[in-house]
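Okay, hi everyone, thanks for letting me go today.

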Amino acid sequence: CSAVWNTLSAKFVCDGKGDVESCSSTFVLCGNYLTSAAYLGITWLILFYFHVVRMPCSWHFYLPFIFTAVLNIILNLLRFKAYSIAPFAVVSAFTAISPALSILASWLLVRQVPHWGAAIGIFLIVISVYLINFTGKWTLKRIGSPLFKIWSDVGVRYAFFASLPPAISI
């Protein structure tokens, strides 16, 4: 539900509807993420109240938690900026590449390989992101153009870097 709401709000911001002078796209999207965080926090508090979970009391939990939280906030702000610079379809495609990066990180860090069905899904995600960013005719010279677009277009670069948090917060 939260993902649908975030996507609709991003679409609303990118279409330029509403009073653009009173609130920025970053404000609208940050509000959506704070709402999602509040839902998660309320759920956790309910589970804590009914003794389903308990409060962690070690710096081994809080130090990585704070680090990844700050990193996720910074990279999500980068993604919000990408929504205002790059086309909506391109930024959304790069947010969909996060599972592929997570699988790559889990393979490198814990030597865990996905099942063949998951590998096909990851392959389809990567190919779809590649095809969305491909422009022009299919020639051998232009086959790498989507990869070069990451470094030539600032909005696409922001979207790519914003897709990294799931890969590094395994």
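Let me start with a question: at roughly what angle do the axes of helix 3 and helix 4 cross? The answer is roughly 150°, and the two axes come within 8 Å. An angle over 145 degrees counts as roughly antiparallel, so helix 3 is roughly antiparallel to helix 4. The crossing of helix 3 and helix 4 is right-handed. Who does the touching here? From helix 3 we have Arg79, Ala82 and Tyr83, and from helix 4 we have Phe88, Val91, Ser92 and Thr95. Sort the residues in this contact between helix 3 and helix 4 by class, and you get 4 nonpolar, 2 polar and 1 charged.

Before I go on, one thing to keep in mind: this is a predicted model.

Now let me step back to the whole chain. What about contacts? Take those in the protein chain with a separation of 6 or more: 59% of them are accounted for by residues 24 or more positions apart.

Back to helix 4, then, with another partner. Helix 4 covers residues 88–95, helix 8 covers residues 154–162, and their axes come within 8 Å and cross at roughly 25°. Under 35 degrees counts as roughly parallel, so that is what we call helix 4 and helix 8. Helix 4 passes helix 8 in a right-handed crossing. On the helix 4 side, the contact is made by Val90, Val91 and Phe94, and on the helix 8 side by Val156, Ala159 and Phe160. What is the class make-up of the contact of helix 4 with helix 8? It has 6 nonpolar residues, no polar ones and no charged ones.

As a general point, in soluble globular proteins, nonpolar side chains tend to be buried together. In our model, the largest nonpolar core has 16 residues. The ones with the most contacts inside that core are Val91, Phe94, Ile97, Val129, Ile150, Val156 and Ala159. Which helices each supply at least two residues of this core? They are helix 3 (59–85), helix 4, helix 5 (98–110), helix 6 (116–132) and helix 8. The largest share of the core comes from helix 4, with 4 residues.

First stop, Pro165. Pro165 lies in helix 9, residues 165–168. Buried or exposed, what do you think of Pro165? Its relative accessibility is 5%, so Pro165 counts as buried. Apart from neighbours within four places in sequence, Pro165 is in contact with Asn72 and Leu75. Pro165 and Ser102 are 63 residues apart in sequence, with 8.8 Å between their C-alpha atoms.

Next, His51, in the loop between helix 2 (25–49) and helix 3. At 71% relative accessibility, His51 counts as exposed. Its phi is near 60°, a positive value in a residue other than glycine.

And now some in-between cases. Asp153 sits in the loop between helix 7 (145–152) and helix 8, and with 24% relative accessibility, Asp153 counts as partly exposed. How many residues along the chain separate Asp153 from Ala86? It's 67, and their C-alpha atoms are separated by 8.1 Å. Leu77, in helix 3, is partly exposed too, with a relative accessible area of 36%. Leu77 and Tyr158 are 81 residues apart in sequence, and C-alpha to C-alpha they are 9.4 Å apart in space. Finally, Ala119 in helix 6 is partly exposed, at 34% relative accessible area. Ala119 and Ala100 are 19 residues apart along the chain, and their C-alpha atoms are separated by 8.9 Å.

Conventions
Residues numbered from 1 in each chain as written. Predicted model: local features only at pLDDT ≥ 70, side-chain atom pairs only at ≥ 80, totals over all residues. Heavy atoms only, no water. Axes fitted to C-alpha atoms, helices over the stretch in contact; angles between N-to-C directions. Parallel < 35°, antiparallel > 145°, perpendicular 65-115°, else oblique. Left-handed = near helix turned anticlockwise from the far one by under 90°. Contact = heavy atoms within 4.5 Å. Nonpolar A, V, L, I, M, F, W, Y, C, P; charged D, E, K, R; others polar. Buried < 20%, exposed > 50% of the residue type's maximum accessible area, 1.4 Å probe, protein only. Core = buried A, V, L, I, M, F, W, Y, C linked by side-chain atoms within 4.5 Å.
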